[in-house]
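Me: Got this one open on my screen and I'd like to talk it through. Can you help me find my way around?

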Amino acid sequence: MKLLHAEILIARHFRNSVFKNSAIFIITLFIGILLLYAAFSGWENYSNQNETSEKYQHQSREDWLKNPDKNPHRMAHYGNFAFRKSTSLSVFEFGMEPFFGNAIFLEAHKQNTANFSEAGFSNSMLRFGEISIAMVLQVLLPLLIFFLGFNSIAYERENGTLKILLTQGINWKQLLTGKILGVASVIMLLFLPTILILVLIWLVLQNFTITTDETIKLLLFIGFHFVYLIFFCIIAVLVSAVSTTSKKALISLIGIWLVFTIILPRTTQAVGAYIFEAPSKIKFSSDIEKDILKQGDSHNPNDPHYKAIKDSLLRVYKVDSVQKLPFNYSGFIMTEGEKISSRIYNEHLEQLLQIYEQQNSFSKTVSFLNPYIAMKNLSMGLSNTDYDSYIDFQKQAEAYRYTMAQKMNALQIKYISNKKPVAKDKPLTINKDHWADVEEFHYEPKGIWEVLKSEIISIISIILWITLLLILIRTASKKLKAI
Amino acid sequence: MLVLLFKNFLRSKGTKIGLLFLLLIGFISLLIGHQFQEKQYNTITEASVYQKEHIARNAVYHKDDIGLLLYYIKFSLVNKTLPINSLAIGQRDVNPSIQSVTIRGLEAQKYDAELNNPNNLLSGNIDFSFVLIYLFPLLIVAFSYNVISEEKESGTWKIVATQSQNTFAFILKLFYVRILSLAALFTIILVAAVLFLNIPIDVSLLTFFVLGILYILFWFAVCFFIVSLQKHSNYNAVILLTIWLFLIVILPAAINTYIVNKYKVPEALELTLTQRNAYHEKWDMDKMTTLNKFYEHYPQFKHYPLPEKEFSWLWYYAMQQMGDDESAGQSRELEAKLQQRNLASQQIAQFIPTLHTQLQLNEIAHADLGNQLLFLKETAKFHEKMRLHFYPKIFDEALVEKENWSKYKVETFNDSTKTSFAKAFLPLVLFILILIGFGWRNFKRGVI
């Protein structure tokens, strides 16, 4: 193999010199331990979260079915729960999970909040971040790459060995490629075992029955992280090549790392949140209440909207009171009320989500300038722990709630007598077998195409970055000087 | 001599850029704090307007039925926001600062979440505590990692060493200059905050100030110790950044995972399910069984007999009460677990200055988990008070119009927790002394 012979030689030499440095050896070893810890705690988190959520989802279903014969409207208030479940990739990327509510109570007339988030039950410690495999790969490994790479060329320049190398028939392109390969080969010593463990855990979690969707997500997760790490290797070597001293190279690289991973992500999101201010919960719910009242209040007997419905019903069925209608009148009115209130709620929710989208649009745009944000968004998307997935969960829960409430209303219209029981009559009920008609809530995470569609900006950004860096290697090879 | 050192330090372009950057982001953090404050205050004003309108409207609709009216109306309790909260937002963005509850079962309402964009929560706020805890150390490291080593590398150290009688004093002066600049910067931003955010000058502010200064000193002590090892500048930079990373990201995250896994809270979900069943099953049970339990809880209502009809509000509210009573065990357990979490994290934090400072700042600002737990407790008290106030009126079927509904205003909870100085300052002071002590020993032993 004559091809890349010089490059491989340079790379091998670089790797050997790296491991002579005991400090680097210790840091690498330490990151290895951290990766294991991240894998372990991710696994524990995941199984804990899913076991609990499955247990209570199951239990709440049993409770629902155990209900005796009763009025379907009582069942609509008894309600159901939507418990959030995680996907298997969330073992490696926690994303926004700690900030998601884990349970939504679904009942008639009322859209409840998703409650019991991990963040609500912890003190500010959580806000410092979490250790997940994704965090190690996205934040710590780039820094390690910089610690490894800042010396790569600048040190040879300081020592005067750079001139010797270049006079021995090695050209700049070979030197740059060789050093990049060298840094990458050290990083691969961490990356490859991590991937091995990752795939193994992933297989065990799914009991070796894998779906194509999950497999594509996993492959993309690995592939994009690989590309991401490679371009930090390129940045490190390029900066080292243009810096006059290794100290300058180190300081510039640390600066880049801080801006990319610590300062920009927080600032851009904060700017977004500052410019597009979201309403408080109390304003949000009272706006909805007001709008619903404008449409008509089903509880108010003299409300014009409901009075019109009543009058038209009486006309069509040619009767003089609602008690004589051939179906349950209050069930009918509640169906109408639920329709109106949930339409209004959804309209307001859309407006709110739009504000959130605007807040997020800032950092989404900045992902063009910052590969870290692009990578983070993409990996959260792939593991279904991103913003879109959460909204998706809430929407699925709301759709389920609406169907459940309307089904109970339909049962009431059909089976409950129109004559209200008086004083000591037994309440009107229907058979408990109907409860099974409402299916159990099942959350379906977004598929790979949906994810790719919503994360298209991140993908373009990563592709642009890698092309830019490859071009930079070419131009640098032509322009760089030995001194 | 000192004046010259100052001039030399401030003349460097890097220093100027660094200080200006920190000043700028410090002011940005005040703007963000200001917006947070405005939003909190607006919400509270809105809440009292809405409550008034909401009660008045419902009192008209349900004027014949006080039981039904109280089924609907909500009463709000505000967790008081201190002006200093704008400097350390803490957990106040995750947890709601207002609880609105009806007199029905509390457990189903108590944990209602705030509306939030999870993206904002994940990336965190740029409040002043962030600037202090994350960014000040970076600048401190940038300013001090190459003290001495730079001069040694450029060959000027020998000149310095021969020209001054006491090189150790000279090093101290170099640090003195840097400490003074950053302490001044911190003070400037804090003074600006006091003026801009109307923060009262009181013990809380003083504690905040002292903690900030101690925190800055802690990082200088770390740098002093690393510099005392007299290694190469590059080595110092790598080590100091690694220490920063450890204290800011890795250790807090690791401890958080430990605490979350040690004190798991399945009680939260268990509680909601129990509460739901406990209330709903009563619809299908003998009414007297429910009522007897109710009378047992509230003997003062024994003289209200069960009305002779299929539905009565006495029975209804007794059923609602059972939802709370029968899930009380889980509720207490959940609270105890959260207390344990809070206590454990505070205890561990004493050994990690970054974490300790953040927790203390949040405590001062009444934005920590402890405050949230107190607020939940207070919410329960508030709810009980409203319940006991309205139960007899409902059971007596009091007339809606007889009641003066406008007197039910939004109430405020005032957290009276005092921060103990020893608890707040001692861990930092100890760390500073130890680091300086070891650094001093290193300097004395080694030939400078």
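Me: Let's start with the strands. How many bridges join β1 of chain A to β2(A), and are the two parallel or antiparallel?

Reply: This is a predicted model, so take what follows as computed from it. Strand β1, residues 80–83 of chain A, is joined to β2(A) by four bridges, and the two run antiparallel. Within that pairing, A:N80 sits opposite A:L106 of β2(A).

Me: And which way do β2(A) and β3(A) pair?

Reply: Antiparallel, again over four bridges. One pair to look at is A:I104, whose bridge partner in β3(A) is A:A114.

Me: What's going on at the turn of that hairpin?

Reply: Two residues lie between the strands β2(A) and β3(A), and A:H109 takes a positive phi there, near 65 degrees.

Me: Is β2(A) mostly covered or uncovered?

Reply: Mostly covered, with five of its five residues buried. A:A103, A:F105 and A:E107 point one way from the strand, while A:I104 and A:L106 point the other way. Both sets are buried, A:E107 included.

Me: OK, zooming out. What does chain A consist of overall?

Reply: Chain A has 16 helices and three strands. Its radius of gyration is 30 Å, well over the 23 Å that the globule rule gives for 483 residues, so chain A is more spread out than a compact globule. Along the principal axes, its C-alpha trace spans about 105 × 45 × 40 Å.

Me: How much of chain A is buried?

Reply: 44% of the 483 residues. As for contacts in chain A with a separation of 6 or more, 82% of them are between residues 24 or more positions apart.

Me: Now the partner. How many residues of chain A are in contact with chain B?

Reply: 71 residues of chain A, in contact with 71 residues of chain B. Several elements of chain A each supply at least two residues to that side, including α2 (22–66), β2 (103–107), β3 (110–115) and α12 (329–366). The largest share comes from α9(A), with 14 residues.

Me: What kinds of residues are on that side of chain A?

Reply: By class, the side touching chain B has 35 nonpolar, 23 polar and 13 charged residues.

Me: Where does UniProt put transmembrane regions in chain A?

Reply: An unreviewed UniProt entry lists "transmembrane region" at residues 21–40, 131–155, 176–204, 216–242, 249–276 and 456–473 of chain A. In the model, residues 21–40 are 95% helix and 0% strand, with the end C-alpha atoms 29 Å apart. Residues 249–276 of chain A are 96% helix and 0% strand, and there the end C-alpha atoms are 39 Å apart.

Me: And which residues does UniProt list for chain B?

Reply: For chain B, also from an unreviewed entry, UniProt gives residues 17–36, 128–148, 175–199, 205–227, 234–255 and 424–443. Over residues 17–36 of chain B the model is 100% helix and 0% strand, and the end C-alpha atoms are 28 Å apart. For residues 128–148 of chain B the figures are 81% helix and 0% strand, with the ends 32 Å apart.

Me: How about B:N198, buried or exposed?

Reply: Exposed, with 11 other C-beta atoms within 10 Å. B:N198 lies in the loop between α8 (167–196) and α9 of chain B, and its phi is positive too, near 55 degrees.

Conventions:
Residues numbered from 1 in each chain as written. Chains lettered and ligands numbered in written order. Predicted model: local features only at pLDDT ≥ 70, side-chain atom pairs only at ≥ 80, totals over all residues. Contact = placed C-beta atoms within 7 Å. Nonpolar A, V, L, I, M, F, W, Y, C, P; charged D, E, K, R; others polar. UniProt positions renumbered as here; feature names shortened; annotations may be inferred. Buried ≥ 20, exposed ≤ 12 C-beta atoms within 10 Å, placed from the backbone. Pairing = 2+ DSSP bridges. Rg over C-alpha atoms; globule rule 2.2 N^0.38 Å.
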